[in-house]
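Grab your viewer and work through a few exercises on the model below. Try each task yourself before you read its solution.

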Amino acid sequence: MTNSWTDIGNTDLVWIMGGNAAEAHPCGFKWVTEAKANRGARLMVVDPRFTRSAAVADHYAPIRAGSDIAFLSGVVNYLLSNDAIHHEYVRNYTNAAYIVREDFDFNEGLFSGYNEETRGYNRESWEYEMGDDGFARRDMSLRHPRCVFNLMKAHFAPYTPEMVQRVSGTPEDKFLKVCEWVASSANGEKAMTIMYALGWTQHSHGAQNIRTAAMIQLLCGNIGVPGGGVNALRGHSNVQGITDIGTLTGSLPGYLAMPTDAEPTLESHLASRHFTPLQENQTSYWQNYRKFYVSFLKSLYGDRATPENEFGYNWMPKLDTTYDALKMFDVMHKGQTTGLICQGFNPMMSIAHANKSIAALSKLKFLVSLDPIETDTVRFWENHGEYNDVDTASIQTEVFMLPVATFVEDEGSFTNSSRVVQWKWAAMAPSYDSRTDIDILADLFLRIRALYEDEGGTAPEPLMAVDWNYADPLAPTPEELLMELNGKALVDLRDAEGNITRRRGEQLASFGEMRDDGSTDGVQWIYTGVYGPGGNFAQRRENDDPSGLGVYGNWGFSWPANRRILYNRASADPSGKPWSEEKAYVYWDGSRWTGADVPDFVATSAPENGTGPFIMNPEGVSRLWARRMMAEGPFPVHYEPFESPVPNPIFPNVRGNPAARVFDGDFEVFGDAAEFPIVATTYRLVEHFHYWTKNVHMNAVIQPQFFVEMSEQLAAEKGIEPGGWVRVSSHRGSVLGKAMVTKRIKPLQIDGRTVHSVGLPLNFGPIGLTRKASPINVLTPPVADANAQTPEFKAFLVDVEPSDGPATA
Amino acid sequence: MFPVIPNPTTEPVQPSFGEADLLRRSASNITPPATRQTEVAKLIDVSKCIGCKACQTACLEWNDLTEEIGDNVGIYENPLDLTPDTWTLMRYTEYENEQGNLEWLIRKDGCMHCEDPGCLKACPAPGAIVQYTNGIVDFVKDNCIGCGYCVKGCPFNIPRISKVDNKAYKCTLCVDRVAVGQGPACQKACPTQAIVFGTKAEMTEYAQTRIEDLKSRGYANAGLYDPPGVDGTHVMYVLQHNDRPSLYAGLADNPRISPLVETWKGLSRYTGLTAIGAFAAIGFLHHLVSGPNEVSAEDEEAAQKLAGGGRDT
Amino acid sequence: MSAEPNIPGKAVHPGNPVTVDRYSTAARINHWITALTLILLALSGMALFHPSLYFLTALFGGGELTRVIHPWLGVVLLISFSGLFLRFWRLNLWKRTDSVWLSRLRDVLTAHDENLPEVGKYNAGQKLVFWLMTVLILVLFGSGLVIWQEYFRQYVTIEQMRIGVLVHSMAAVAIICVWIVHAYAAIWVRGTISGMTRGRVTGGWAWRHHRKWLRDMVSGKSGNGK
């Protein structure tokens with residue numbers, strides 16, 4: 001989230017799209033109902049289904065799953081062509097005025113630099129035109145034909161309301177109502193918040209969905225202001241935390257990058273990360289990357305990390321490619337993996353193309369599961385008839401289950417969608433023989449290291465070099481770990497005058513104290529301050545709110561720097577005066593930046609300096625134009641899902657996201673519309689938490705069985721009885737469920753033909769107290785977003801037919 | 001927002017009401033206390049409800065109920081109906097309004113805690129159903145005989161009789177929580193404040209703000225469901241379409257205790273006992289007046305004669 | 001039904017007074033089972049009918065047991081009464097003389113039997129009691145099933161149950177009234193009860209109240225039914 005859960009209470013308009021907050025985030029949804037009840041805020045929902053969120057919305061517009069960019073681009077076009085934008089914000093706080101290189105081009109759905117062979121782009125031409133002064137050129141009058149603003153107008157012009165209706169199936173009047181409401185927030189006085197979740201991310205163009213939404217918010221001036229923002233609703237209580245800590249293979253804690261094969265030395269890694277300011281007086285905060293990186297290495301290798309050995313950079317693994325979950329299973333499927341350790345992970349259920357996942361698991365020598373429950377994955381070898389029809393005898397994978405304490409039996413911190421790190425205490429001791437994750441991992445680490453010590457082995461150095469400095473090496477405490485994330489001074493730190501600012505061994509109060517000479521450590525710079533000299537701020541529970549804007553600055557710790565709204569300098573105009581008196585948040589009081597929140601800015605940098613509010617960017621402004629940051633182009637383009645009921649109505653020659661990775665042989669696993677004409681989308685149910693609670697009696701009671709949601713028209717066409725059995729098939733497999741025939745899904749007219757949709761909840765499986773079901777990912781395609789490698793779970797093709805139900809033994 | 005009810009202290013608390021605060025007791029003549037406790041009410045704002053069923057599980061948990069795991073039959077309701085173990089249930093209605101727009105009306109069903117409780121009136125077992133002066137209608141398991149008369153008395157089809165112990169069950173309005181200053185468990189669990197709890201006066205007043213809000217959103221007929229046919233209820237709804245409560249999964253439009261039940265419990269009782277008494281009295285009087293109808297000696301002689309004449313002796 | 005021992009012609013026993021067999025042992029047992037059941041039903045039913053009579057549940061071991069027992073007693077009553085019905089229904093068929101008898105109710109009530117037509121085994125009043133009992137027991141049984149929620153809840157709607165319970169209560173009142181008439185008549189008309197206790201009545205009783213029946217007994221015509 002750019003903003004926070006509590007900040008949603010400040011909004012005037014809530015737009016839920018690509019998510020179903022009432023269903024998946026019922027507790028956070030409370031802030032939506034507060035904004036509605038207290039401020040008279042309006043709520044609009046755009047979704048393929050009339051969801052639980054839509055049930056309490058003021059406006060609902062249907063959309064075909066997978067066509068969000070067309071819809072959102074239609075909104076961009078509406079705002080631009082009706083001049084319904086926040087002019088001053090767009091001019092000063094976005095790169096609208098920046099001039100793009102002359103060799104940039106966009107033609108027939110493809111940007112300049114495309115290489116069909118590699119399914120990738122040479123992104124050189126997507127950059128700004130540079131001036132002789134070393135800064136990017138811009139035209140503040142926005143008249144230059146190649147300034148971002150004018151390129152944008154031309155680029156989005158095709159997305160007319162008629163085109164949106166044709167591509168997305170949204171009736172024009174319902175679409176226009178959305179546009180009008182969005183436009184009503186483009187003035188600095190009113191604010192709109194956008195809430196999204198996996199309904200936007202789980203597409204082959206997921207990152208661009210969110211980018212388009214961000215562009216709308218920038219055009220409306222809704223970023224950095226109370227009640228605004230682009231707000232990702234994170235699923236698990238700590239999924240923000242696991243992203244922050246860098247569990248994705250391509251990243252390190254705090255969104256630092258994992259070294260690649262192309263970066264053999266620390267300097268080569270840092271070379272592409274200088275982030276020189278592109279305008280005068282810009283902060284370009286990522287210039288500090290080196291400090292954060294070196295502090296991280298110091299935490300990892302301790303005294304063994306020295307300037308001489310590049311702080312141990314050499315010990316870091318170097319990636320040859322991205323190893324996201326799909327890639328891991330592809331490698332496993334090729335028989336190239338010996339063992340898999342799943343920690344709180346149920347891949348048989350959660351990875352696309354489950355039949356391939358099950359085949360891949362069958363090729364492992366061993367599988368280890370660290371989990372409080374017996375997951376479906378650890379029983380992948382078990383034949384469940386219709387629901388998991390495997391040949392048990394032929395599977396030789398040895399499965400180990402290590403019982404882990406549940407979250408109520410373990411203390412530590414959770415980081416929620418608001419980026420707030422909150423401590424939670426153990427309510428009880430671990431049950432039975434279970435141990436905490438930390439204890440198990442510490443034990444494993446020490447045993448493996450001991451084996452290397454005793455027996456030697458290939459390249460033991462990285463393992464041996466790790467600094468394992470805990471009071472009890474077998475049981476590091478969560479407090480020790482949080483302190484380690486925070487970082488400390490390794491020597492007495494001095495300022496320019498030579499005064500000691502931080503004593504050796506003291507915790508750091510802010511990442512501003514980090515140094516690149518090895519005199520500080522800290523695993524995760526963005527968390528610095530959570531456990532500073534003042535103690536464990538994650539444990540703070542003060543719910544005072546002096547500004548009345550729902551800031552709650554002394555509740556837990558919000559990264560970075562306890563800031564509750566990111567880019568909050570943008571809540572004030574260039575002269576430092578709040579856009580809206582009612583929503584005055586961070587402003588210039590004549591001598592410094594002050595207000596309800598921690599300014600996301602150098603507190604003493606006067607407005608006259610012209611420093612932009614988006615301090616992470618070398619431009620100092622936000623990017624309507626993404627430069628080279630996105631794999632498939634600087635502007636979003638409507639690309640169909642890889643399985644689409646129609647050819648791309650706007651760019652008929654392009655199939656799917658041209659930059660998305662498709663594994664060898666996987667084009668063959670895609671189905672086509674002739675055989676599978678129905679659009680399917682998967683989602684969660686409020687009654688369950690992922691694949692866990694199907695093991696819990698009470699949750700099984702309130703939602704006991706897998707079902708397939710479909711329109712009355714589709715049911716009539718196929719002869720499907722409400723409540724009867726139905727078989728859903730994709731090109732990869734089929735599942736059985738109960739038919740939920742509803743008015744909440746309607747057939748849509750797409751490019752002149754009727755397109756049906758079905759909804760498939762994902763919480764059911766072969767194991768648990770709920771009625772048995774196949775993993776829903778039996779159906780889903782193994783293709784993912786070109787940037788984040790998030791699988792395309794939300795839009796694929798199936799067919800449905802009535803069924804007599806499972807064969808009875 | 002309605003102010004949140006603070007968490008309870010960890011110290012033991014004396015219940016704020018009990019046996020001495022009964023307004024009515026089934027099949028019993030009692031004298032209610034001179035002063036009534038402040039009437040309480042639960043307000044269910046249907047327009048804020050997201051149908052998450054947190055209230056349903058909170059109810060199961062607080063009341064330590066174990067419901068069976070059922071099947072999906074093509075609808076969101078689970079279980080399919082109230083049961084002896086499910087005292088509250090989310091009911092979902094898909095309604096296409098006059099503008100052709102879909103509305104998904106989600107109503108939390110359960111005991112309404114009528115001011116004029118039909119269940120209590122129908123109940124033959126003394127003290128099996130009680131009504132506290134604060135308005136809560138509660139079933140007292142130990143006194144329940146399982147006759148099911150409450151089922152017939154209820155205008156909302158709420159009580160359910162257990163197959164296991166043949167006792168009647170329904171929402172207690174968490175009488176045990178309310179007695180120590182807490183709101184019902186469902187209210188506590190509701191993430192969107194679709195359920196709030198307080199005095200009936202507060203709830204009625206608060207509902208007006210919600211109704212205003214709904215009217216501003218185009219629901220001209222928004223209103224408070226506090227049906228006069230049962231003298232009002234202690235569980236009230238804010239409905240978007242208060243002119244048509246039955247849209248909400250058949251919520252009674254004009255609930256009142258069935259005339260059949262009124263007749264049974266009123267007229268038939270008194271006329272019945274009167275009739276029985278009258279018959280007995282008439283017999284008694286008749287006997288008093290006319291004396292016994294005795295066989296006379298002549299009758300016996302006649303019989304002798306007949307018998308003698310009829311055959312040999 | 002097994003044959004009655006009081007074979008016509010052999011049912012009249014000389015003596016002073018003459019005695020006449022009126023009910024066989026089986027019939028009497030059948031009657032008293034019916035009677036007892038009906039009384040228990042009335043008591044248990046009344047207990048649940050009016051709060052002031054709830055104390056009667058003590059007779060049955062409390063409210064819950066009363067609720068359990070009452071419908072089963074109803075089943076016993078239905079079976080038992082069916083026995084009586086099969087025994088006596090022919091004798092209770094309405095005759096022309098019954099209407100005459102009934103039209104002279106004043107004479108009946110003032111014990112001027114001499115003004116009444118000669119009566120067979122049953123007079124019109126008894127026949128009315130018989131048929132009212134029959135109808136009311138059927139109504140009570142039927143409405144009782146409707147409200148026997150332990151077993152039949154799923155087959156009926158709440159509205160049907162409400163009708164059922166109202167009908168049941170009204171029919172119960174009616175049958176109790178009929179029973180009062182029945183019992184009172186047996187007490188008022190002295191000499192009647194022995195017919196149902198020892199099975200015999202005196203000849204004089206028969207002469208006075210059921211002369212035609214007596215004549216049939218004496219003459220050997222079948223008059224006792226089965």
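The exercises go from chain contacts down to single residues.

This is a predicted model, in which local features need pLDDT of at least 70 and side-chain atom pairs count only at pLDDT 80 or more, while totals for chains, interfaces and linings use all residues. Residues are numbered from 1 along each chain as its sequence is written, and chains are lettered from A and ligands numbered from 1 in the order in which they are written.

**Exercise 1. Chain contacts**

Task: work out which chains touch, and what sits on the touching sides.

Solution:
- Start with the criterion: two residues are in contact if their C-beta atoms, placed from the backbone, lie within 7 Å.
- Chains A and C don't touch, with 21 Å between their nearest C-alpha atoms.
- Two pairs of chains do touch, and the pair B and C has the most contacts.
- That contact involves 45 residues of chain B and 47 residues of chain C. On the chain B side, α8(B) gives the largest share, twelve residues.
- Next, sort that side of chain B by residue type: 22 nonpolar, 17 polar and six charged. Here Ala, Val, Leu, Ile, Met, Phe, Trp, Tyr, Cys and Pro count as nonpolar, Asp, Glu, Lys and Arg as charged, and the others, Gly among them, as polar.
- Now the other pair: 37 residues of chain A meet 31 residues of chain B. Chain A's side splits into 21 nonpolar, seven polar and nine charged.

**Exercise 2. Chain B as a whole**

Task: compare chain B with a compact globule of 313 residues.

Solution:
- Count the elements: chain B has nine helices and eleven strands. These are DSSP runs, numbered from the N terminus: H or I over at least four residues for helices, E over at least two for strands.
- The globule would have a radius of gyration near 20 Å, whereas chain B has 28 Å. The radius is taken over C-alpha atoms, and the globule rule is 2.2 Å times the number of residues to the power 0.38.
- Along the principal axes, the C-alpha atoms of chain B fill a box of roughly 100 × 50 × 40 Å.
- For burial, 49% of the 313 residues count as buried. The cut-off is 20 or more other C-beta atoms within 10 Å of a residue's own; 12 or fewer makes it exposed, and in between is partly exposed, with C-beta atoms placed from the backbone.

**Exercise 3. Helix α1(B)**

Task: decide whether α1(B) is mostly covered or open, and find what it packs against.

Solution:
- Helix α1(B) spans residues 54-62, and seven of its nine residues are buried. Among them are B:Ala54, B:Cys55 and B:Leu60.
- These buried residues pack against α20 of chain A, along with β3, β4, α5 and β9 of chain B.
- After the helix comes B:Asp64, with a positive phi near 55°.

**Exercise 4. A barrel and a strand residue**

Task: trace the barrel in chain A, then explain why A:Gln343 counts as partly exposed.

Solution:
- The closed barrel has six strands in the order β24-β30-β25-β27-β26-β31, with mixed pairing.
- β24 and β31 of chain A pair antiparallel over three bridges; pairing requires at least two DSSP bridges. A:Ala680 stands opposite A:Phe796.
- A:Gln343 belongs to strand β12 of chain A. It counts as partly exposed because it has 14 C-beta neighbours inside 10 Å.
- Beyond its neighbours within four places in sequence, A:Gln343 contacts A:Leu370 and A:Asp437.
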